[in-house]
Amino acid sequence: MEQKELAQTLGSHDPAVGLRAVGALHRLAEQVEAAAVTRARQQGWSWEQIGDALGVSRQSVHSKYGR
């Protein structure tokens, strides 16, 4: 779902449309988070710094993105 289409669906009164929009937003947020974590690691950020920025523990973010 594109951002323009997503913005249009947010005003819908149809629960199915709204739930699909929520799913699309969740997937987009996951992609943005992954890219930001990758950039932070490339710039030398610690897992603790990344976790603090995301509001989660370093263990949580390392478990999710550490390879």
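## Helix α2

Ala-29 is found in helix α2. The model is predicted: local features need pLDDT of at least 70, side-chain atom pairs count only at pLDDT 80 or more, and totals for chains, interfaces and linings use all residues. Residues are numbered from 1 along each chain as its sequence is written, and side-chain values use heavy atoms, without hydrogens or water.

Helix α2 covers residues 15–42. Helices here are DSSP runs (H or I, at least four residues), numbered from the N terminus. The 28 residues of α2 should span 40 Å at 1.5 Å a residue, and the end C-alpha atoms are 41 Å apart, which agrees. The expected span is 1.5 Å times one less than the number of residues.

## Ends of α2

Pro-15 lies in α2. Its relative accessibility is 58%, so Pro-15 counts as exposed. The cut-offs are under 20% relative accessible area for buried, over 50% for exposed, and partly exposed in between (1.4 Å probe, protein chains only). Pro-15 and Gln-31 are 16 residues apart in sequence, and their C-alpha atoms are 24 Å apart in space.

At the start of the helix, a side-chain oxygen of Asp-14 comes to within 2.9 Å of the backbone nitrogen of Ala-16. Just after α2, Gly-44 has a positive phi of about 90°.

## Burial along α2

Val-17, Ala-21, Gly-23, Ala-24, Val-37 and Ala-40 are buried in α2. Ala-29 has 45% relative accessibility and therefore counts as partly exposed. From Ala-29 to Gln-43 is 14 residues in sequence and 21 Å in space, C-alpha to C-alpha.

## Packing of α2 and α3

Two packed helices are described by the angle between their axes and the distance between the axes. Helix α3 takes in residues 47–54. It packs with α2 at an angle of about 145°, the axes 10 Å apart. Axes are lines fitted to C-alpha atoms over the stretch in contact, and angles run from 0 to 180 degrees between N-to-C directions. The crossing is right-handed, meaning that the near helix is turned clockwise from the far one by less than a right angle.

Which residues of α2 meet α3? They are Glu-33, Val-37, Ala-40 and Arg-41, facing Trp-47, Ile-50 and Leu-54 in α3. Contact means heavy atoms within 4.5 Å. The residues of this contact divide into five nonpolar, no polar and two charged. Val, Ala, Trp, Ile and Leu are among the nonpolar types, and Glu and Arg among the charged.

## Gly-51 in α3

Gly-51 is found in α3. This glycine is buried, with a relative accessible area of 0%. Beyond neighbours within four places in sequence, Gly-51 is in contact with Val-56, Ser-57 and Val-61. Its C-alpha atom is 9.4 Å from that of Val-37, 14 residues away along the chain.

Terms used. Helices (H or I, at least four residues) and strands (E, at least two) are DSSP runs, numbered from the N terminus. A polar contact is a pair of N or O atoms within 3.5 Å; within protein, one must be able to donate a hydrogen and the other to accept it, and residues adjacent in sequence count only if both atoms are side-chain atoms.
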